[in-house]
Amino acid sequence: MTDHSSGNKVMRAIFSPAITLLNRINYTRKFTLLWLLSLLAVAVVAYSLFANIERIIQPSQRELEGFTLVKPISQFVQSLQLHRGISAALLGGNEAMRDRRAAEEKNAAEAFDAMERRFPPDLVSGEEFRNIKANWTLLRKEGITWAVAENFTAHTRLIEQLQMFEALAADKYGLPLDPELAMYYLFDTTVNKLPHALEHFGQLRAYGTGILAEKHLTENRQIELKIKMAELGSSLKDLNTSLEKTGRYSPAMQDSLRATYKDIVNSVQQITGIVTSDILTGHFSMPPEDFLSTATTAIDKSYAQIYDSLLPMAETLIKARIARARQEMFTSIGFSLLMFMLVVYLSVSIYYAIVGNIQMLVHSLRAFAGGDLHVRANLRTRDELRQIGESFNEMADGFSALLEARRCAEESLTRECQKNETLLRTASDGIHILDLEGNVMQVNDTFCKMLGYTAE
């Protein structure tokens, strides 16, 4: 009991400032204060939730912007790779490729201009892009005058610069930092592993086309050709690993990814088979333009997987994430507002219940004070106010009982007085009653006759 009392004292001491404040204001202001504090709490929670969701939505939207830059870069690289292959054939002695090279150079220039227009100003104005533009301009202007190896190296160096620039743009938009493993590996496949595999494929196409055009294979070229085939095989293994991981974390994409890899492998096997059987053996039976077209068809098909499958997959996943985040935000904020409205509804109901019961108590007290001793407080509640009402009713019942007892006593006294009055007046003896100071208080008729005075 002592511990309970001590605990109450501690609690009252803790809440003493609030109790003091609340005791100074009426219930309307008390509940208004409660509603304002509840609204403030809901607003803080909603803002915090909104800020957390925005930390998901904003990076995802930036990733979407970043993925829109992948396609124009890839399209220029794709065109530049084909330009490299055609240049190798032309510089190797196949004059029939001159018009085709000019047409592809025009396509590459258009792809470059489209890429430049899509980039934000800060990327275009950077040193990396300026170097790319300068090297592309030089390649267009003087590339046709270089030897096959020099032209091949210039193309390859420019493509490496483009791939590094693509990685820089990806970093700017946070693509490698995606928290979802499925998106991380899909990005790695789309921006790194597949483009690098296609670049090794493109190098093999250009190198093989140049050899077929010259119909001459030195020992060094043979070694270089085998190295490029090995690099292509290694890049395919890396690509397969990345695709497997992407499919593992995105089961819905697994079949599509496997089909993509199978198509690429079949195409590579077809071209490496031609290289092994026709170029490395020194037969040179396939025309360079046929080899170029066959390899180009395979490479273009793989690039189509990037444009039509992988990039749309990535965009779909990011948009779905943004939609989920927004739905969670709207649901949570809506639930918070609903809970706040419920609190307001219940508190308003409590307010009217308390105020109504208080008004009923006041009405009963005033009626009782006005003389209506039969009035009672009939409160339709089971809380502490009901105890006050019951206490009032007990007091009213006790007061009514006390008044009834007094009324009965007064009636009994009145009857006794009337009886005594009758006895006094009818007595044969003269009787008079004096107070302590000797004043005559009452006399009977006999006494008046004896003295000869009237009662008055």
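**Before you start**

The model is predicted, so local features need pLDDT of at least 70 and side-chain atom pairs count only at pLDDT 80 or more, while totals for chains, interfaces and linings use all residues. Residues are numbered from 1 along each chain as its sequence is written, and side-chain values use heavy atoms, with hydrogens and water left out.

**Stop 1: Arg84**

Select Arg84. It sits in helix H3, residues 27-91. Helices (H or I, at least four residues) and strands (E, at least two) are DSSP runs, numbered from the N terminus.

Is Arg84 buried or exposed? Arg84 counts as buried because its relative accessibility is 1%. The scale is this: buried means under 20% relative accessible area, exposed over 50%, and partly exposed in between (1.4 Å probe, protein chains only).

Now show what surrounds Arg84. Setting aside residues up to four places away in sequence, Arg84 touches Phe152, His155, Thr156, Ile159, Glu199, Gly202, Gln203 and Ala206. Contact here means heavy atoms within 4.5 Å.

Pick Glu199 from that group. Glu199 and Arg84 form a salt bridge, with the closest N and O atoms 2.9 Å apart. The pair joins distant parts of the chain: Glu199 is in helix H8 (residues 181-214), Arg84 is in helix H3, and 115 residues separate them. Both Glu199 and Arg84 are buried.

A salt bridge is a side-chain nitrogen of Lys or Arg within 4 Å of a carboxyl oxygen of Asp or Glu. How many salt bridges does this rule give? The count comes to 17.

**Stop 2**

Select Arg98 and Glu95. Their side chains meet in a salt bridge, 2.9 Å from N to O. Arg98 is partly exposed, at 40% relative accessibility. Glu95 is partly exposed too, at 48%.

Next, select Glu180 and Arg321. Their side chains form a salt bridge of 3.1 Å, N to O. This pair also links distant parts of the chain. Glu180 is in the loop between helix H7 (148-172) and H8, Arg321 is in helix H11 (residues 288-369), and the two are 141 residues apart. Glu180 is partly exposed, with a relative accessible area of 28%. Arg321 counts as buried, at 6%.

Together with Glu180 and Arg321, they are linked in a network of salt bridges.

**Stop 3: H6 against H7**

Select helix H6 (residues 127-142) and H7. Their axes come within 10 Å and cross at roughly 155°. Axes are lines fitted to C-alpha atoms, for helices over the stretch in contact, and angles run from 0 to 180 degrees between N-to-C directions.

H6 and H7 are therefore roughly antiparallel to each other. Angles under 35 degrees count as roughly parallel, over 145 as roughly antiparallel, 65 to 115 as roughly perpendicular and the rest as oblique.

H6 passes H7 in a left-handed crossing. A crossing is left-handed if the near helix is turned anticlockwise from the far one by less than a right angle, and right-handed if clockwise.

Show the side chains of the contact. Among them are Phe129, Ile132 and Trp136 of H6, and His155, Leu158 and Phe165 of H7. The contact residues divide into nine nonpolar, five polar and one charged. Ala, Val, Leu, Ile, Met, Phe, Trp, Tyr, Cys and Pro count as nonpolar, Asp, Glu, Lys and Arg as charged, and the others, Gly among them, as polar.

**Stop 4: H8 against H10**

Move to H8 and helix H10 (residues 254-279). They pack at an angle of about 25°, with their axes 11 Å apart. That makes H8 roughly parallel to H10. H8 passes H10 in a left-handed crossing.

Which residues meet here? They include Leu194, Phe201 and Leu204 in H8, and Ile264, Ser267 and Val268 in H10. By class, this contact has 10 nonpolar, three polar and one charged residues.

**Stop 5: two positive phi angles**

Most residues other than glycine have a negative phi. Select Lys215, in the loop between H8 and helix H9 (219-249). Its phi is positive, near 55°. Lys215 is partly exposed, with a relative accessible area of 48%.

Then select Phe284, in the loop between H10 and H11. Phe284 has a positive phi of about 55° although it is not a glycine. Phe284 is buried, with a relative accessible area of 12%.

**Last stop: Leu434**

Select Leu434, in strand S1 (residues 432-434). Leu434 is partly exposed, with a relative accessible area of 43%. Leaving aside neighbours within four places in sequence, Leu434 is in contact with Asn439, Val440 and Met441.
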